[in-house]
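This report is meant for someone who has not looked at this structure before. Please keep the sequence and the model at hand while reading.

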Amino acid sequence: MTRPNGGDLLVETLRGLGVDTVFGIVSVHNLPLVEAVDRDLRFVPVRHEAAAVNAADGYARATGRLGCALTSTGTGAGNAAGSLIESLSSGTPVLHVTGQIDSAYLGSGRGFIHETKDQLGMLRAVSAHAVTVTDAESAGDLLREAAARALTAPHGPVSVEWPIDLQFAPQRLTGTPVPVPAPAAPALPDAALLDEAAALLSAARRPLLWAGGGANTARPEVAALLDALNAGLVTSNSGRGAVPESDERVLGNYATAPAGRALLAEADVLLTIGTHFRSNETADYALELPATHLQIDLDPAALARVYPATVALHGDASAVLAALLGRVTSGSTEKSWPGRVREARTAARAAQRHAIGPQAAINDAIRDACPPGSVIARDVTIPSSTWGNRLLEITDPATNVFPRGGGIGQGLAMGIGAALGRPGTPTVVIAGDGGLAVHLGELLTLAQEKPDLTLLVFNDGGYGVLRNMQDNHFPRRSGVDLATPDFALLAAATGLPYARIAAEADAGPVIKEATTTPGPTLVEIDLTALGPMNTPFTPPVKLPAAATDTPAEGGNPS
């Protein structure tokens, strides 16, 4: 028998954390790691390093466990950087283990194959933390500490660069567990601040809560406070599902819609929980909040960073909400307020259903076909940015997978990771033809691994979001009309079942069959045949006045 090496050490560490699947690309500079993972766990050979990190990210979100990605050094690590930025933006616990050249030549700059200048510096810039294995004896401690760092709130990706000679070096497996700190009783804000916040909530006549991603760890407390106050709930995209969106008290991710703005204007107290008020969710910070704003956040830098906070409560959302629940009294809420929240909810959804026209049938077909535990993974594309991020009902935050940093082309790999993390439950991926082209090779990963995944490709022949923007504000189109493959032939070439939606009546039966048939299916939504939205979507991006002085000519927004 051969002696254990770094690959065996990695497997031991991941097994101890319940991780059963790892994503990556094999290389001369990570062979021992890939060999051990492929032998003892499940190694998923994706086609691009960025996809490895995205898939690990999707796996982590869908399972609540650590995601793990293996890449090569140099260009391979560089390819992973963009996806590490996404994991950093979303606070996803991902362990990224990248190869490195032989330790004897590290930093020599002599042009060793796969060598790059200051790889560690690059990884530090795009990771929550990054370290180098410098000797075989410390590898185990470094790896376990890296995993613990990723799993400790605030979460994020941690990168470990591991010289190839030290990967091959003998290791002694000790079974040492990863030192993830046990959740301690988190520190609470000052009692006087809690009393002040509770008094304002108790006196509120028209209270609203706003759930961001930080509320997802405090779901029972959020629901209980809604009950206690008879309040309504607004969410960011990341906070969707903190309370199931089937609940009539949930307006959802409609804060900037006319109905949402009107409700915020009527509210007399707003409690925000773990949201960072991203620009695209606040109309570039032009959204107005109630004058009385109470804010809870684990990150002290987030408090009052975007909007003034009448009371700023630094702490874990679950603990702070529990403390408030012990202090608030009910009975002050206007009897008409819950009905007003329901009216706003209905109006926001009705307005969007009208705006998206025939695509409402696809929204309904997805939700009708998929059980509540199904992951809905979304790339950055018009259907996602409109109804996928709002109207498509989410009941559990773990099923709400999307690129929080806004980068295009990441949705398919994130969906693959989520689907492999939740076997036996269908996953749906919403992608555009432009975004899919960024990582078209992952269709081969999909065909090879055969997860229960339905890939919905919305084909409008290019970058529809920017096309609409150019048609509205510029005299001509630039770089937005792209060659698009024949998706039926592409599916056949990659061994994927194929279906097409060209009319509203197709949506229900096609999506039902795709989601209930084991394995993957590529479904093309032919947007030319389906017909345009009633209201073309343009991104909520401000342009300098000088950039839009020339009236647009021609163009048919899709």
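Which residues of strand 8 lie on one side and which on the other, and are they buried or exposed? Gly232 and Val234 are on one side of strand 8, Leu233 and Thr235 are on the other, and all are buried, so both faces of the strand are covered by the cut-off of under 20% relative accessible area. The model described here is a predicted one.

Strand 8 runs parallel to strand 7 (residues 207-211), and four bridges join the two. Within this pairing, Leu209 stands opposite Leu233. Ser236 is found in the loop between strand 8 (232-235) and strand 9 (250-252). Ser236 has a relative accessible area of 3%, which means that it is buried. Apart from neighbours within four places in sequence, the contacts of Ser236 are Trp210, Ala211, Gly212, Gly213, Asn253, Thr275 and Glu281.

**An aromatic cluster**

Trp210, one of the contacts of Ser236, is also part of a cluster with Phe277 and Tyr307, linked by ring pairs. The count of aromatic pairs comes to four. Are the two partners buried or exposed? Phe277 is buried at a relative accessible area of 2%, and Tyr307 is buried at 9%.

Most residues other than glycine have a negative phi, and most peptide bonds are trans. Phe277 has a positive phi of about 55° although it is not a glycine. Ala283 is another residue other than glycine with a positive phi, near 55°, and its place is in the loop between strand 10 and strand 11. Elsewhere, a cis peptide bond with omega of about -5° joins Ala153 and Pro154. Pro154 belongs to the loop between helix 6 and strand 6 (157-163).

In soluble globular proteins, nonpolar side chains tend to be buried together. The largest nonpolar core here has 75 residues, and those with the most contacts inside it are Leu10, Leu14, Leu70, Leu95, Trp162, Leu443 and Leu455. Helix 6 (residues 139-151) gives the most to this core, with eight residues.

Leu70 touches a number of residues beyond four places away in sequence, among them Leu10, Val22, Phe23, Ile25, Leu33, Phe43 and Val97. Trp162, also on the list for the largest core, is in contact with Gly99. Gly99 lies in strand 4 (residues 94-100) and is buried, with a relative accessible area of 0%. Other contacts of Gly99 include His29, Thr71, Ser72, Thr73, Gln119, Glu161 and Gln167. Gly99 and Ala505 are 406 residues apart in sequence, and their C-alpha atoms are 51 Å apart in space.

How many strands form the open sheet that has the order 14-13-15-16-18-17? Six strands form this sheet, and the pairing is parallel. Strand 14 (400-401) and strand 17 (498-501) are the edge strands, since each pairs on one side only. Strand 16 (residues 453-459) and strand 18 (residues 521-526) are joined by six bridges, and Leu456 stands opposite Val523 in strand 18. Helix 15 (residues 411-421) lies across strand 13 (375-378), strand 14, strand 15 (427-432) and strand 16, and runs at about 175° to strand 15.

**Cysteines and buried residues**

A disulfide is a covalent bond between the sulfur atoms of two cysteines. The count of disulfides in this model is zero. Cys68 and Cys370 both count as buried, and the table lists them with other buried residues.

| Residue | Relative accessible area |
|---|---|
| Cys68 | 0% |
| Cys370 | 5% |
| Gly99 | 0% |
| Ser236 | 3% |
| Phe277 | 2% |
| Tyr307 | 9% |

Technical notes
Residues numbered from 1 in each chain as written. Predicted model: local features only at pLDDT ≥ 70, side-chain atom pairs only at ≥ 80, totals over all residues. Heavy atoms only, no water. Pairing = 2+ DSSP bridges. Contact = heavy atoms within 4.5 Å. Axes fitted to C-alpha atoms, helices over the stretch in contact; angles between N-to-C directions. Core = buried A, V, L, I, M, F, W, Y, C linked by side-chain atoms within 4.5 Å. Buried < 20%, exposed > 50% of the residue type's maximum accessible area, 1.4 Å probe, protein only. Phe/Tyr/Trp six-rings, centres within 6.5 Å; stacked < 30°, edge-to-face > 60°. Disulfide = S-S within 2.5 Å.
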